[in-house]
Amino acid sequence: MDKLIILSVLLVFFVSTVLGLECYVCENQEDNNEKCVKTIKNCDYNQDVCLTEIKWGSTPYWSQGAKKQYYISKRCSNKTECATTRRRYMPLCTHIWYQDWVCSDCCLGDRCNYYIISGSATLKPVLITLFGVLLLRLVL
Ligand SMILES: *[C@@H]1O[C@H](CO)[C@@H](O)[C@H](O)[C@H]1NC(C)=O
């Protein structure tokens, strides 16, 4: 009986940690409300990070004196794509208000891209530790 409970707990952890990374997703939103914090996607099996892009400017159509605003996008990604994107944006990530800029950031863990300021979730290590402890209990 005891083992059955442990087994089902293990199964839940396995499914949630290995199979389904969850990221918030949205496209070119003005702020980090509504869509960007309410739309959750189950990422594909080969996607292991959540990617956030923050643009600042008067795009899509640049025009002088136009009001500048944020364009926030979030999506599922993988470490390779994340590193490439970050490298590409590095020179453009100035945070200077009177210029257009764009920055990107990635994080590990379910729904870790809730806030747009970087801060990765610490949930995964906790779950993996729990997984290990439960596995030990099962074996001993
Ligand atoms: C990462 O994602 C990109 C874009 O979706 C894809 O082209 C690439 O094959 C992926 N790389 C890995 C290692 O999964």
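Strands β4 (residues 49-57) and β5 (residues 69-77) pair in the antiparallel sense over nine bridges; two strands count as paired if DSSP finds at least two bridges between them. The model is predicted: local features need pLDDT of at least 70, side-chain atom pairs count only at pLDDT 80 or more, and totals for chains, interfaces and linings use all residues. Residues are numbered from 1 along each chain as its sequence is written. Within this pair, G57 has Q69 of β5 as its bridge partner.

Both strands belong to an open sheet of four strands in the order β2-β5-β4-β6, with antiparallel pairing. The edge strands, β2 and β6, each pair on one side only. From one strand to the next, the twist averages 15°. Helix α3 packs on the sheet and touches β4, β5 and β6, its direction making about 155° with that of β6. Contact requires C-beta atoms, placed from the backbone, within 7 Å; axes are lines fitted to C-alpha atoms, for helices over the stretch in contact, and angles run from 0 to 180 degrees between N-to-C directions.

| Element | Residues |
|---|---|
| Strand β2 | residues 26-29 |
| Strand β4 | residues 49-57 |
| Strand β5 | residues 69-77 |
| Helix α3 | residues 79-89 |
| Strand β6 | residues 101-107 |

The chain has four helices and six strands, in the sequence pattern α-β-β-α-β-β-β-α-β-α. Helices (H or I, at least four residues) and strands (E, at least two) are DSSP runs, numbered from the N terminus.

The ligand is surrounded by N46, N78, T80 and E81, where a residue is near if its C-beta atom, placed from the backbone, lies within 6 Å.

Definitions and conventions
Two residues are in contact if their C-beta atoms, placed from the backbone, lie within 7 Å.
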